[in-house]
Amino acid sequence: MELKDTIELMQSEDYKERFTAEYDQLIIRYKKLKKMYDNWDHLSFVPRCPKSIYKMQLEVMERYLAILEARAAIEEVPVWDCTAE
């Protein structure tokens, strides 16, 4: 799945569909940033920010995912943790 695949759900009148799209977008962004972080020594470019900044961002994203997953359970919105791949 790519960010462009979430556009329709983000525009839905149904808050559960928008919620699902928000979660999917965060998963996509998290996975891409995590891949970059994990391959830090083999990147085709030199990041301008120190690696520690990216680590802090990943940690915040992980907390955000946990919050969304808790809300999803309470509000009965079907989402799944795609970070376990």
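Reader: Does Q25 count as buried or exposed?
Author: This is a predicted model, and in it Q25 has its place in helix α2. Leaving aside neighbours within four places in sequence, Q25 is in contact with L3, T6 and M10. Since buried means under 20% relative accessible area, and Q25 has 17% relative accessibility, Q25 counts as buried.

Reader: Which elements give two or more residues to the largest nonpolar core?
Author: The largest nonpolar core has 16 residues, and those with the most contacts inside it are L33, Y54 and L65. In soluble globular proteins, nonpolar side chains tend to be buried together. The elements that contribute two or more residues to this core are α2 (15-38) and α3 (51-75).

Reader: From which element does the largest share of this core come?
Author: The core as a whole has 16 residues, and 8 residues form the largest share from any element. The element that supplies this share is α2.

Reader: Which residues does Y54 touch, not counting those up to four places away in sequence?
Author: Y54 is one of the residues with the most contacts inside the largest nonpolar core, and Y54 also belongs to the buried residues of α3. When residues up to four places away in sequence are not counted, the residues that Y54 touches are L33, M36, Y37, W40, P47 and C49.

Reader: Against which element do the buried residues of α3 pack?
Author: Helix α3 has 25 residues and reaches 36 Å from its first C-alpha to its last, close to the 36 Å expected at 1.5 Å a residue. The buried residues of this helix are Y54, L58, M61, L65, L68 and A72. The element against which these buried residues of α3 pack is α2.

Reader: How many salt bridges does a search of the whole structure find?
Author: One of them joins the side chains of K34 and D38, another joins E59 with K55, and R71 and E75 also meet in a salt bridge. Side chains of opposite charge can pair when their charged atoms come close. For the whole structure, the number of salt bridges found is 3.

Reader: What is the N to O distance in the salt bridge of K34 and D38?
Author: K34 and D38 are 4 residues apart in helix α2, which means that about one helical turn separates them. K34 counts as partly exposed at 30% relative accessibility, and D38 is likewise partly exposed, with a relative accessible area of 48%. Their side chains meet in a salt bridge whose N to O distance is 3.0 Å.

Reader: How far apart are the closest N and O atoms of E59 and K55?
Author: Both residues lie in helix α3, 4 residues apart, about one turn of the helix. E59 counts as partly exposed at 37% relative accessibility, and K55 counts as partly exposed at 40%. In the salt bridge that E59 forms with K55, the distance between the closest N and O atoms is 3.4 Å.

Reader: What is the N to O distance where the side chains of R71 and E75 meet?
Author: R71 and E75 are 4 residues apart in helix α3, so about one helical turn separates them. R71 counts as partly exposed at 33% relative accessibility, while E75 is partly exposed with a relative accessible area of 25%. The side chains of R71 and E75 meet in a salt bridge with an N to O distance of 3.2 Å.

Definitions and conventions
Residues are numbered from 1 along each chain as its sequence is written. This is a predicted model: local features need pLDDT of at least 70, side-chain atom pairs count only at pLDDT 80 or more; totals for chains, interfaces and linings use all residues. Side-chain values use heavy atoms; hydrogens and water are left out. A nonpolar core is a set of buried Ala, Val, Leu, Ile, Met, Phe, Trp, Tyr and Cys residues joined through side-chain atoms within 4.5 Å. Buried means under 20% relative accessible area, exposed over 50%, partly exposed in between (1.4 Å probe, protein chains only). Contact means heavy atoms within 4.5 Å. A salt bridge is a side-chain nitrogen of Lys or Arg within 4 Å of a carboxyl oxygen of Asp or Glu. The expected span of a helix is 1.5 Å times one less than its number of residues.
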